[in-house]
Amino acid sequence: MAGLKKGGAQPLELCLHTRTRVLEISFDDGKRFELPSEYLRVYSPSAEVRGHGAGQEVLQTGKRHVAITAVEPVGQYAVKLVFDDGHDSGLYSWDYLYELGQGQADNWQAYLDRLEAAGASRDQ
């Protein structure tokens with residue numbers, strides 16, 4: 001969580017771009033991230049994706065064209081994202097979205113490496 005403010009950055013603006021399937025989020029520390037739906041789906045904080053402990057993660061495949069159909073606020077600390085593949089569990093806290101934004105390049109490469117190692121694809 002390098003760069004995360006003590007107490008957590010707070011979002012100023014959240015915008016879902018449906019045509020490009022990107023969730024844009026701006027934080028009060030000046031950081032702005034454009035997070036693709038596919039990236040958010042494969043890094044869902046849900047137990048279905050992350051498992052219940054280290055080593056229990058479930059590799060998500062075939063998510064290249066997934067889209068977010070709804071962004072639902074959860075209190076003052078998170079949003080629930082609803083995806084068109086039926087996935088709607090997992091709460092994306094502001095801290096988690098910030099962390100995903102900060103680590104996007106490394107996280108994405110790690111995901112592509114896991115897909116390749118598994119002989120899997122973003123398309124199926």
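Helix α3 (residues 94-102) lies across strands β5 and β6 and runs at about 75° to β6. Helices here are DSSP runs of H or I with at least four residues, strands are E runs of at least two, and both are numbered from the N terminus. The angle is taken between N-to-C directions, from 0 to 180 degrees, with axes fitted to C-alpha atoms, for helices over the stretch in contact. Contact means heavy atoms within 4.5 Å.

This is a predicted model: local features need pLDDT of at least 70, side-chain atom pairs count only at pLDDT 80 or more, and totals for chains, interfaces and linings use all residues. Residues are numbered from 1 along each chain as its sequence is written, and side-chain values use heavy atoms, leaving out hydrogens and water.

Now take the strands under the helix. β5 and β6 belong to an open sheet of three strands, ordered β4-β5-β6, with antiparallel pairing. Two strands pair if DSSP finds at least two bridges between them. β4 (68-74) and β6 (91-93) stand at the edges with a single partner strand each, so one side of each has no neighbour in the sheet. Neighbouring strands of this sheet are turned by 30° against each other on average, direction ignored. β4 pairs with β5 (residues 78-83) through six bridges, in the antiparallel sense. One place to look is A70, whose bridge partner in β5 is V82.

Helix α3 also lies across β1, β2 and β3, and it runs at about 85° to β3. These three strands form an open antiparallel sheet in the order β1-β2-β3. Its edge strands are β1 (11-17) and β3 (32-36), and each pairs on one side only. From one strand to the next, the twist averages 15°. β1 and β2 run antiparallel and are joined by six bridges.

Follow β2 to S26. This residue sits in strand β2, which spans residues 22-27. E13 stands opposite S26. Leaving aside residues up to four places away in sequence, S26 touches Q10, P11, L12, E13, K31 and R32. S26 counts as buried because its relative accessibility is 15%, where buried means under 20% relative accessible area, exposed means over 50%, and partly exposed lies in between (1.4 Å probe, protein chains only).

Finally, look at the loop between β1 and β2, where R21 lies. R21 is partly exposed, with a relative accessible area of 28%. Most residues other than glycine have a negative phi. R21 is not a glycine, yet its phi is positive, at about 55°.
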